[in-house]
Amino acid sequence: MLSEQEFIRQIRQHQKIILKVCHLYADKPEDREDLFQEILLNAWKANSKYRREAKFTTWLYQIGLNTAISFLRKTKRKPSQEGLEEDLQLPDLTDDATEQQFVTLYQAIGQLDKIDKAVVMLYLDEYDYTAIGQLLGITPNYVAVKMNRIRQQLKQTVQQN
């Protein structure tokens with residue numbers, strides 16, 4: 001268990017992990033804010049169970065992904081009140097072509113199912129297949145298979161756009 005001060009310091013230091021999860025699992029800004037708060041709350045509740053056996057970032061990813069998947073299940077039950085989805089908000093980039101590539105890639109990732117999104121996010125954060133498998137409860141070999149399928153799916157989606 002981390003002290004309150006240490007917990008806050010770790011969260012501030014690694015809040016980008018939570019933001020990534022929120023951007024991949026929530027389309028609307030208000031949903032992202034709700035999800036962010038829910039992840040923080042769940043992390044604080046789980047702090048008493050944190051035994052430092054895993055890195056804090058790994059532990060935070062696991063809480064973030066579990067919370068996001070639960071959040072997604074809850075929001076899927078609610079009837080949608082809006083017909084159009086908002087585009088992902090990305091940081092301003094100086095090169096318009098590069099920015100469009102990022103937008104297209106993030107939109108393609110957004111179309112993946114919840115597990116595939118998690119695999120891609122962890123992979124992009126340079127987690128190896130073993131760590132990804134441990135976080136998601138699947139074998140490293142299955143992670144490799146999923147990554148190959150995801151790569152092909154993303155290439156097809158990006159080429160269509």
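1. **A charge over a ring.** Start with K117 and Y25. In this predicted model, K117 lies over the face of Y25. The distance from K117 to the ring centre is 5.2 Å. Find the ring of Y25 first, then look for K117 over its face.

2. **Aromatic pairs.** The structure holds six aromatic pairs. One of them joins Y61 and Y127. Their ring centres are 5.3 Å apart, and the planes make an angle of 85°. That pair is edge-to-face.

3. **Where Y61 and Y127 sit.** Which parts of the chain does the pair link? Y61 belongs to helix α4, while Y127 is in the loop between α6 and α7. The two are 66 residues apart, so this pair links distant parts of the chain. Are Y61 and Y127 buried or exposed? Both are buried.

4. **A tilted pair.** Now compare Y123 and Y129. Their ring centres lie 6.3 Å apart, with the planes at 35°. The pair therefore counts as tilted. Y123 has 34% relative accessibility, so it is partly exposed. Y129 is partly exposed too, because its relative accessibility is 25%.

5. **A cluster of three.** Y50, F56 and W59 also deserve a look. These three residues form one aromatic cluster.

6. Charged side chains come next. The count of salt bridges is five. Among them is the contact between E6 and R9, at 2.8 Å from N to O. Both residues lie in helix α1, which covers residues 4–13. They are three residues apart, about one turn of the helix. E6 is partly exposed because its relative accessible area is 22%. R9 is partly exposed as well, since its relative accessible area is 40%.

7. **A salt bridge across the sequence.** K20 and D125 meet through their side chains, with 2.2 Å from N to O.

8. **A salt bridge between exposed residues.** E53 and R51 form another salt bridge, at 3.4 Å from N to O. Are these two residues buried or exposed? E53 is exposed, and R51 is exposed as well.

9. **R52 and its backbone.** Most residues other than glycine have a negative phi. What is the phi of R52? The angle is near 65°, a positive value, and R52 is not glycine. R52 is found in the loop between α3 (29–46) and α4 (56–77).

10. **E126 and its backbone.** E126 is another residue to check. Its phi is near 65°, again a positive value in a residue other than glycine. E126 is found in the loop between α6 (114–124) and α7 (129–136). Its relative accessibility is 75%, so E126 counts as exposed.

11. **One loop to revisit.** Go back to the loop between α6 and α7. E126 is there.

Terms used. Residues numbered from 1 in each chain as written. Predicted model: local features only at pLDDT ≥ 70, side-chain atom pairs only at ≥ 80, totals over all residues. Heavy atoms only, no water. Helix = DSSP H or I, 4+ residues; strand = E, 2+ residues; numbered from the N terminus. Buried < 20%, exposed > 50% of the residue type's maximum accessible area, 1.4 Å probe, protein only. Phe/Tyr/Trp six-rings, centres within 6.5 Å; stacked < 30°, edge-to-face > 60°. Lys NZ or Arg CZ within 6 Å of the ring centre and 35° of its normal. Salt bridge = Lys/Arg side-chain N within 4 Å of Asp/Glu carboxyl O.
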